[in-house]
Amino acid sequence: MKIAVDAMGGDHAPDEIVRGALLYRQKGGASDLVLVGREDAVRKLVGAEIPPGITIRDATSMVKHGEADAVVSAGNTGATMAAALLVLGRIRGIDRPALCGMLPTTKGKPACLLDAGATMDADEHNILQFARMASRFMEKVHGVDRPLIGLINVGEEPEKGGRIQLAAHALLEGAEDLNFYGNIEGRDVMRGITDICVTDGFTGNVLAKGMEGVVDVFVDGIRHDIFGGPLGKVAGLFALGGLAKFRSRMDYDPYVSAPLLGVAGISVVTHGRAKANMMRRAIEVAERAVSTRLLDALGEGVASAA
């Protein structure tokens, strides 16, 4: 397997991206990596002797031409999505692509938020397709058997929401191939009520970024307001076990990366702030997506629903 890594994408590129690729190989990653970017800058970071399983290349469209099985990028999400659509196209039968946002939950397992920002004006039929794609993704890449699906709404009752939410609820409820829970509210996402949370891209993007901001403020408050100063540092020693557990629960490095679903190729997007460990995890997600034949599962899911 060969995975192309966008060495120049992200806030900490190329340093952390290259470190992440090297870390992936050091941790026993079996796939060959192609670091795509400005060769002189990347080569300087890799070192004089390039490790086995890693090559450097100034190139584009490697996945389209069959030169790589997947691509991983921490670059601009909109640009990555546009490039994937233009170069790779959509899976036959998929009307609109979707961006899968993976979020930590209080149950210690990730929840898949779809769409997290790819299709802003999704209708009920798009949302139904999102649910089908997310189900195959969670089954194949995260090993969740018959993932439970919730429709993000303004209330739990079936009659809540606007026209699109009401129509989407009816379609999801009638889809025998899906494990539909019903409506969920924004507060339910990080509670892990369902494995998958579906909505349109506008709502999903606002929700995901709002949650990210709350977590950042919360973590910053713990660090400075509660455990800041001399007495706070002493208190922190007593609370070290709990803090470590909390940090582990809120750590989204292992699963924040996800493929653009609906694109006819494996194109994994990770956080723009990705550092080495997150990039390593993103490469692992790409590897699992290829090895479990995610694209075939997505296509079969659409065909079986036709």
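Start by selecting Glu 39, which is partly exposed because its relative accessibility is 31%. This is a predicted model, so read each stop with that in mind.

What is the strand order? The sheet is open, with seven strands in the order 3-2-1-4-12-11-5 and mixed pairing. Strand 3 (54–57) and strand 5 (98–99) are the edges; each has a single partner strand, so one side of each has no neighbour in the sheet. Zoom in on strand 1 (residues 2–6) and strand 4 (residues 70–73), which pair in the parallel sense over three bridges. Val 5 is opposite Val 72 of strand 4 here. Now show helix 1 (residues 15–26): this helix packs on the sheet, touching strand 1, strand 2 (32–36) and strand 3, and its direction makes about 170 degrees with that of strand 2. Helix 4 packs on the sheet as well, touching strand 5 and strand 11 (258–261), at about 145 degrees to the direction of strand 11.

Stay with helix 4 (residues 124–142). Its 19 residues should span 27 Å at 1.5 Å a residue, and the end C-alpha atoms, 26 Å apart, agree with that. Is helix 4 enclosed or open to the outside? Of its 19 residues, 15 are buried, so the rest of the structure largely encloses helix 4. At the N-terminal end, look for the cap: a side-chain oxygen of Asp 123 lies 3.0 Å from the backbone nitrogen of His 125. After the helix comes Gly 143, with a positive phi near 65 degrees.

Last, select Arg 132, Arg 136 and Asp 177, which are linked in a network of salt bridges. Between Asp 177 and Arg 136, the closest N and O atoms are 3.8 Å apart. Asp 177 is in the loop between helix 5 (163–174) and strand 9 (179–184) while Arg 136 is in helix 4, so this pair ties together parts 41 residues apart in sequence. Arg 136 counts as buried at 13% relative accessibility, whereas Asp 177 is partly exposed at 30%.

Terms used:
Residues are numbered from 1 along each chain as its sequence is written. This is a predicted model: local features need pLDDT of at least 70, side-chain atom pairs count only at pLDDT 80 or more; totals for chains, interfaces and linings use all residues. Side-chain values use heavy atoms; hydrogens and water are left out. Helices (H or I, at least four residues) and strands (E, at least two) are DSSP runs, numbered from the N terminus. The expected span of a helix is 1.5 Å times one less than its number of residues. Buried means under 20% relative accessible area, exposed over 50%, partly exposed in between (1.4 Å probe, protein chains only). A polar contact is a pair of N or O atoms within 3.5 Å; within protein, one must be able to donate a hydrogen and the other to accept it, and residues adjacent in sequence count only if both atoms are side-chain atoms. Two strands pair if DSSP finds at least two bridges between them. Contact means heavy atoms within 4.5 Å. Axes are lines fitted to C-alpha atoms, for helices over the stretch in contact, and angles run from 0 to 180 degrees between N-to-C directions. A salt bridge is a side-chain nitrogen of Lys or Arg within 4 Å of a carboxyl oxygen of Asp or Glu.
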